[in-house]
Amino acid sequence: MPSKKRDMKHNIWFACPDCSSQRPAPFLPPCPNCGFSLDHLNGRQLSDWQRQKWKKHQELLQGSNISLHGGKWNASFTHNGNAALEDLVRFTISYGDTQVLSSPRGNNQNPVYLAYIPEIIGSGLAIATPGLVPCSGLCIVSPSSIQYGHTYPILDDWMQDHFSGLGSSCRLCHTPTAFGEVFCMQCYSGYANGDWQKLLMN
Ligand SMILES: [Zn+2]
Ligand SMILES: [Zn+2]
């Protein structure tokens, strides 16, 4: 017999990043309508371009220090984040806030999915802040692009810089939240028992 929890979660719908068909959350790949899967977003199947990006966000795991690579920010997955990557991506596709992000040169508007998870998944460096800063947010750029879709952890500073002034709301109780916070703390601790991965169980 389906539980009440299951029913609540299945009232949340999301649009497939590729074919835009509306599906009940959580996303369990592949999309039954278009076959969209996550192999290019969780590091399993990468284009050369993605391989470069991937390397940058794996610096901690490789034991070297995070570097800014000439930018203002960079963040890398922790072991914890890396181990949970597939679930992090599913979570962000299922519940994340969507926006567009200008490419560094401003000549492209890329769709992005963003979500915070109440757990440290990465560690980052910002030009304005000394030392490493823990991060719990995830960004997926151009999820439907097999060539250019990629995934990385994000710093609060970066979110502020790119999406200040935007808000969000809890997917379950609709309480207003900060941008990217797709469940309020009350629903995390109550409904999900403080375990975000529970929100991914069908
Ligand atoms: Zn689809
Ligand atoms: Zn809530």
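These legends describe close-up views of a predicted model.

**View 1. Four strands form an open sheet.**
The strand order is β4-β5-β8-β9. Pairing in this sheet is antiparallel. Two strands sit at the edges: β4, residues 97-102, and β9, residues 150-154. Each edge strand pairs on one side only. From one strand to the next, the twist averages 30°.

**View 2. Strand β5 pairs with strand β8.**
β5 covers residues 109-116, and β8 covers residues 137-141. The two strands run antiparallel. How many bridges join β5 to β8? There are five. Look for Tyr116, which stands opposite Gly137 in β8.

**View 3. Strand β8 also pairs with β9.**
Five bridges link β8 and β9, again in the antiparallel sense. Find Cys139 here; opposite it stands Tyr152 in β9. Is β8 mostly covered or mostly uncovered? It is mostly covered, with four of its five residues buried.

**View 4. Ser142 lies in the loop between β8 and β9.**
Its phi is near 45°. That is a positive value in a residue other than glycine. Most residues other than glycine have a negative phi. Is Ser142 buried or exposed? Ser142 counts as buried because it has 20 C-beta neighbours inside 10 Å. The cut-off for a buried residue is 20 or more, so Ser142 meets it.

**View 5. His69 has a positive phi too.**
The phi of His69 is near 50°. Like Ser142, His69 is a residue other than glycine. Where is His69 found? His69 is in the loop between α2 and β3, and β3 spans residues 73-77. His69 has 11 C-beta neighbours inside 10 Å, so it counts as exposed. The cut-off for an exposed residue is 12 or fewer.

**View 6. The loop between β2 and α2 holds Pro26 and Pro30.**
Strand β2 covers residues 22-24, and helix α2 covers residues 48-56. Most peptide bonds are trans. Which kind of peptide bond runs from Ala25 to Pro26? That bond is cis, with omega near 0°. The peptide bond from Pro29 to Pro30 is cis as well. Its omega is also near 0°.

**View 7. Helix α4 is mostly covered.**
This helix runs over residues 85-95. Nine of its 11 residues are buried. Among them are Leu85, Leu88, Val89, Phe91 and Ile93. Arg90, Thr92, Ser94 and Tyr95 are buried too. What do the buried residues of α4 pack against? Their partners include strands β1 (13-15) and β3, and helix α3 (79-83). They also pack against β5, β8 and β9.

**View 8. Gly165 sits in the loop between α5 and β10.**
Helix α5 spans residues 156-163, and strand β10 spans residues 167-169. Why does Gly165 count as exposed? Gly165 counts as exposed because it has 6 C-beta neighbours inside 10 Å. Now find Phe179. Gly165 and Phe179 are 14 residues apart in sequence. In space they are 8.3 Å apart, C-alpha to C-alpha.

Methods:
Residues numbered from 1 in each chain as written. Chains lettered and ligands numbered in written order. Predicted model: local features only at pLDDT ≥ 70, side-chain atom pairs only at ≥ 80, totals over all residues. Pairing = 2+ DSSP bridges. Axes fitted to C-alpha atoms, helices over the stretch in contact; angles between N-to-C directions. Contact = placed C-beta atoms within 7 Å.
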